[in-house]
Amino acid sequence: MLYLTLGIITSVFAVVAFTMFGLALRQIVRTVGIGRPVEPERKGPFGQRLTMTLIEIIGHGRMLKRPWIGVAHWFVMVSFPLLVFTVIEAQGEVFDPHFHLPIIYDWTIYGLAIEFIAGTSLVGILGLTAYRVLSSPKRLGRASRFMHSKHWTAYYVEAYIIGLLIAIFAIRGFKAAMDDFPFPVWATPISHAVGSFLPGEAAVAEPAIAWIAAFKLVISYMFFMVLAGKLTMGIGWHRFIAPVNIYFKRKADGSPSNGAAKQMMDKSGTKPLDFEEADPDEDPFGAGKIEDFTWKGLLDFSSCTECGRCQSQCPAWNTGKPLSPKKVILDLQRHAYEKAPYLLKGITEETLAEKPDESHAGVDVLALLNKPLVGTEEEGGVIHPDELWACTNCGACVEQCPVDIEHIDHILDMRRYQVMVESNFPSEANTLLKNLENKANPWGMAEDKRMDWIQELAEQENPVEVEVVDDKLSPETEYLFWVGCAGALEDRAKKTTKAIAELLDIAGVKFAVLGGMEACTGDPARRLGMEYVFQMLAQQNVETLNEAGVTKIVASCPHCFNTLANEYPQLGGTYEVVHHSQLLAKLVEEGKLIPVENIDENITYHDPCFLGRHNKVYTPPRDIMAKVPGVKTQEMHRHKERGFCCGAGGARMWMEERIGKRINTERVDEALTTNPDTVSTACPFCQVMLGDAINEKKSQGEAKESLEVVDVSQLLLRSVKGENPAAGEAKEKAEA
């Protein structure tokens, strides 16, 4: 009677649990479906995307960036599909404690597999639980990556897994004690060890097995019921949703969705938005309400595991600002699942006006429907403006996310709506946009100023002649040197520009520049959210480049490099683009540039976000430094893919940083821990930001007066020309 009762109870639990789960899954699919269509490229090729998804899940590449956590999570992940066999077995054991699975029940390989996976998973989940406790916000405060996570859901899932695994070994132990266990000791040592402490009498062991099996089934079925009741429980749902989210990521090759900014698409989602034909009432100008995101965006929000890896790497969060990429995603998730049921029922402002007395369980549906995505507490916004505008677009969140959430795309969509529809953005950015529109550079300087560095090179002791494109690129010209606004107009960046030009001249590389015909690539406008100005500048540049017959470009600015290489093809400008560090490293390798002068300095290198994370160029700058005699390099704690931003990206270089610690100051504090003589980088924005922070440190007596920020090209030029840096500085001061 006991066994029949337990069997019926667990069977009822199974039917209820899977019915609830199926209905909940349907609701998630319907909620995701309120989003706009996605780009066609996300849907194929099927084989490549399926392979990529399997590799990413089974290979666990993102998770293994934190090795022991990744390994522990891998075993826990693998245990779910494999240990389904033990759940099926338990459903039989509640009816008959001697039940065995057909065919495989006595296969040693089966017994060994369950033993190994259950054992390693138990160790793994206990380790992960301990880590969560030790890293809780109560202990670490803001430094905890679990801040903003829903803690009870995590502890519930961990407790369920622990209970399930212990139940497996308890059942196996009783069977081993009864001598009803077909596997040898060497294959199942844990089960036999547990069995040695348990009674083997059938009168005790058999009902114990049935009760434990029932416990295992009930907690398993309750897990599905809890998920059904909590659609935003990402730590539980991600095992079902994340593979789908990974499959539909932007890049079918499996790389993170960094690099090019997301294009603005028309209402059909199938083609880029044409501003000349766009209808603001129909076409999405960014995201002003939750249904303006694509269904992939809503799938992103649904997939968040609340692990906090994005938050732990965010430069804004790490410097005391309110922006947490995780919180942004979770806030959007909560809002989506609050609003979707009413949208799915066809409830609108008009229908509410027709039936003003209709009850909605105490919910102010009108306020919910009209809730702004971006707004202050007084305005009732989902995302606070200080969160939205703190983002530097550094890509650290996207790089770290184990389920491929595309944080930057969603932040950019909200910025686009604020800029192009609401005209609501930081006031200082207005000057940036006016300068870009009127003068085609962020500083608003005259076009002829772009040629000053060329004149300076021609007047130096060993003059270098730079070809300026008049109409067409001459046939013998190998590269167009894209100087960029900073490289042409900012004094510190101009030193890098001149160094690159000299090195190319020494190496015998034929190059030319556009001079006054070069305009800003539009990166600051696009990252701010003003897509219209970006397209205006980009189309102008593409037309200039195509008419000049340009095919190969070397760019000194990573932002220009990223835009030219990854975004201009969207507008008909396809070129072979390299960063100057890549070309210079190649020339050194080929022996066309030979570093000779010993530079006895301790140097630490700062990875520019748009060169490193966005384009995976980590090695060439380091290769250059490695070839310079005497240079001793020491990495900062955060480097390469986990490098820390300088604070200039996302158009932040032209916006004031009023909250928390300055990002460039945080980065320089880290650089100073290496006791450097020089900080090197490969980006004019980084050079300016780090230089400003170092100058501040010097004024406070916290950095030595000789410390400077130089581009790797400047470092290489010193060595190639045989210049003594100290002597060069003395000469510059004397001339000044």
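The following legends describe an overview and several close-up views of a predicted model.

**Figure 1. Overall dimensions and make-up of the protein chain.**
The protein chain contains 31 helices and nine strands. Its C-alpha atoms fill a box of roughly 100 × 70 × 50 Å along the principal axes. Of the 736 residues in the protein chain, 58% are buried. Among contacts between residues at least 6 apart in sequence, 77% join residues at least 24 apart.

**Figure 2. Helix H18, residues 407–420.**
Helix H18 comprises 14 residues. The distance from its first C-alpha to its last is 20 Å, close to the 20 Å expected at 1.5 Å a residue. The helix is mostly covered, with 13 of its 14 residues buried.

**Figure 3**
Strand E8 spans residues 678–681 and is covered on both faces. Thr678 and Ser680 lie on one side, Val679 and Thr681 on the other, and all four residues are buried. Strand E6 (residues 602–605) runs parallel to E8 and is joined to it by three bridges. Within this pairing, Thr604 has Val679 of E8 as its bridge partner. Strand E9 (residues 708–711) also pairs with E8 in the parallel sense, over four bridges. Here Thr678 stands opposite Glu708 of E9.

**Figure 3. The β-α-β unit formed by E8, H29 and E9.**
Strand E8, helix H29 (residues 684–699) and strand E9 make up a β-α-β unit, which is right-handed. The two strands of this unit are parallel and share four bridges.

**Figure 4. The aromatic pair Tyr131 and Phe146.**
The structure holds 28 aromatic pairs. In the pair shown here, the ring centres of Tyr131 and Phe146 are 6.0 Å apart and the planes meet at 75°; the pair is therefore edge-to-face, since an angle over 60 degrees falls in that class. Tyr131 belongs to helix H5 (residues 108–134), whereas Phe146 lies in the loop between helix H6 (137–140) and helix H7 (151–177). The pair thus links distant parts of the chain, 15 residues apart. Tyr131 counts as partly exposed, because its relative accessibility is 22%. Phe146, at 4% relative accessibility, counts as buried.

**Figure 5. The aromatic pair Phe248 and Trp295.**
The rings of Phe248 and Trp295 have centres 5.0 Å apart and planes at 85°, so this pair is edge-to-face. Phe248 is in the loop between helix H10 (234–247) and helix H11 (295–303), and Trp295 is in helix H11; the pair therefore ties together parts that are 47 residues apart in sequence. Phe248 has a relative accessibility of 17% and counts as buried. Trp295 also counts as buried, at 19%, because the class takes in values under 20%.

Ring pairs link Phe18, Phe21, Phe80, Tyr156, Tyr160, Tyr221, Phe223, Phe224, Trp237 and Phe240 into a cluster. One of these cluster members, Phe80, has Arg239 over its face, at 4.3 Å from the ring centre.

**Figure 6. Arg142 over the face of Trp317.**
In this view, Arg142 lies over the face of Trp317. The distance from Arg142 to the ring centre is 3.5 Å.

Notes: Residues numbered from 1 in each chain as written. Predicted model: local features only at pLDDT ≥ 70, side-chain atom pairs only at ≥ 80, totals over all residues. Heavy atoms only, no water. Expected span 1.5 Å × (residues − 1). Buried < 20%, exposed > 50% of the residue type's maximum accessible area, 1.4 Å probe, protein only. Pairing = 2+ DSSP bridges. Right-handed = clockwise from strand over helix to strand, strands pointing away. Phe/Tyr/Trp six-rings, centres within 6.5 Å; stacked < 30°, edge-to-face > 60°. Lys NZ or Arg CZ within 6 Å of the ring centre and 35° of its normal. Contact = heavy atoms within 4.5 Å.
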